[in-house]
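Biologist: I would like to learn how to read a model like this one. Please take me through it feature by feature.

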Amino acid sequence: MNLKCIFINHISLYTLLIILSTTYSLHAQDKKSFSTNYPEESLSKLSLEELALRRNEILARKGYTFTNPLYNDYFTNQKWYTPTTTNTNITLTSTENNQIDLIKKVELQKKEMRTKSIKDLKDLRNALNTNDYNTINRILNLPNDERRIDQQLRKTLNVCDIDDIHWNKSEGIYEASIDNGLNTRVYTIKYSRTQVILSYAQTGASELSMYTYEVSPGYFSESITLYIFDITENGLKFKKIDGAG
């Protein structure tokens with residue numbers, strides 16, 4: 001069997017910070033427009049990387065000198081940034097301290113939600129492999145007439161390396177393509193800000209079978225099955241099965 005794994009290239013934090021500069025407004029030329037009083041609801045819509053950048057920008061606007069070269073390089077490129085010679089002279093207002101504390105709170109919540117969701121994926125994988133119906137039903141929470149072990153879901157969780165999901169802001173992906181000599185199948189774990197989607201897709205004929213005439217046309221068909229979960233404070237919440245083909 002020919003195994004091909006397709007990985008999304010890892011993006012360094014430095015590159016990510018540059019990307020964020022186009023999606024996260026720093027109001028680089030207008031200091032007065034920068035707010036340190038964002039409510040929790042607004043902060044919760046930001047990614048972990050965006051939250052860290054906002055938290056550090058509060059310090060940067062006070063002239064904080066960063067020892068972390070990634071943040072130092074990033075803020076050095078902002079026209080308003082003037083680093084001080086010593087950080088001991090920097091003082092924050094109560095509003096700025098409260099904003100930093102609130103950002104840290106939201107960051108912790110998001111990290112815990114991601115950690116719990118990953119743990120649930122691993123628990124579900126192990127449960128499917130060992131026929132642990134209690135765990136399967138806890139995570140999938142399907143009606144009695146739909147409770148079953150799905151071979152495609154089990155295969156997706158076993159093929160994809162949960163510990164090697166590649167992250168970019170709030171999104172993550174791991175994708176593996178397997179060409180078994182008859183057709184090509186693609187297994188994916190995809191994170192968005194609010195959901196995890198596990199998918200199994202049959203994308204068409206194998207590179208080998210395209211050059212033969214002994215394969216049933218059924219092997220050339222394309223289809224996809226999606227297992228959609230919401231990310232909650234308590235872990236993953238199964239939403240629905242979808243698909244096409």
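Biologist: Is Glu-107 buried or exposed?

Modeller: First, the ground rules. This is a predicted model: local features need pLDDT of at least 70, side-chain atom pairs count only at pLDDT 80 or more, and totals for chains, interfaces and linings use all residues. Residues are numbered from 1 along each chain as its sequence is written, and side-chain values use heavy atoms, with hydrogens and water left out. Now the term: buried means under 20% relative accessible area, exposed over 50%, partly exposed in between (1.4 Å probe, protein chains only). Glu-107 has 5% relative accessibility, so Glu-107 is buried.

Biologist: Which residue does Glu-107 meet in a salt bridge?

Modeller: The general idea is that side chains of opposite charge can pair when their charged atoms come close. The cut-off: a side-chain nitrogen of Lys or Arg within 4 Å of a carboxyl oxygen of Asp or Glu. Glu-107 meets Arg-55, at 2.9 Å from N to O. This pair links distant parts of the chain: Glu-107 sits in helix H5 and Arg-55 in helix H3, 52 residues apart.

Biologist: How many salt bridges does that rule give?

Modeller: The count is 11. Another case is Glu-50 with Arg-193, whose closest N and O atoms are 3.6 Å apart. That pair also links distant parts of the chain, from helix H3 to the loop between S4 and strand S5 (195-205), 143 residues apart. Glu-50 is buried at 5% relative accessibility. Arg-193 is partly exposed at 44%.

Biologist: Which residues do salt bridges with shared partners join into one network?

Modeller: Start with one pair. Arg-138 and Asp-123 meet at 3.8 Å, N to O. Arg-138 is in helix H6 (residues 133-140) and Asp-123 in helix H5, 15 residues apart. The network joins Lys-119, Asp-120, Asp-123 and Arg-138.

Biologist: What span should helix H5 have?

Modeller: Helices (H or I, at least four residues) and strands (E, at least two) are DSSP runs, numbered from the N terminus. The expected span is 1.5 Å times one less than the number of residues. Helix H5 (residues 94-130) has 37 residues, so it should span 54 Å; its end C-alpha atoms are 53 Å apart, which agrees. Just after H5, Asn-131 takes a positive phi of about 55°.

Biologist: How many bridges join S3 to strand S4?

Modeller: Two strands pair if DSSP finds at least two bridges between them. S3 and S4 (residues 183-191) run antiparallel, with 8 bridges.

Biologist: Why is strand S3 described as largely enclosed?

Modeller: Because 7 of the 9 residues of S3 (residues 171-179) are buried, the rest of the structure largely encloses it.

Biologist: Where is Ser-170, and what does Ser-170 touch?

Modeller: Ser-170 lies in the loop between S2 and S3. Contact means heavy atoms within 4.5 Å. Not counting residues up to four places away in sequence, Ser-170 touches Ser-47, Leu-48, Glu-49, Arg-114, Tyr-191, Ser-192 and Arg-193. Ser-170 is buried, at 12% relative accessible area.
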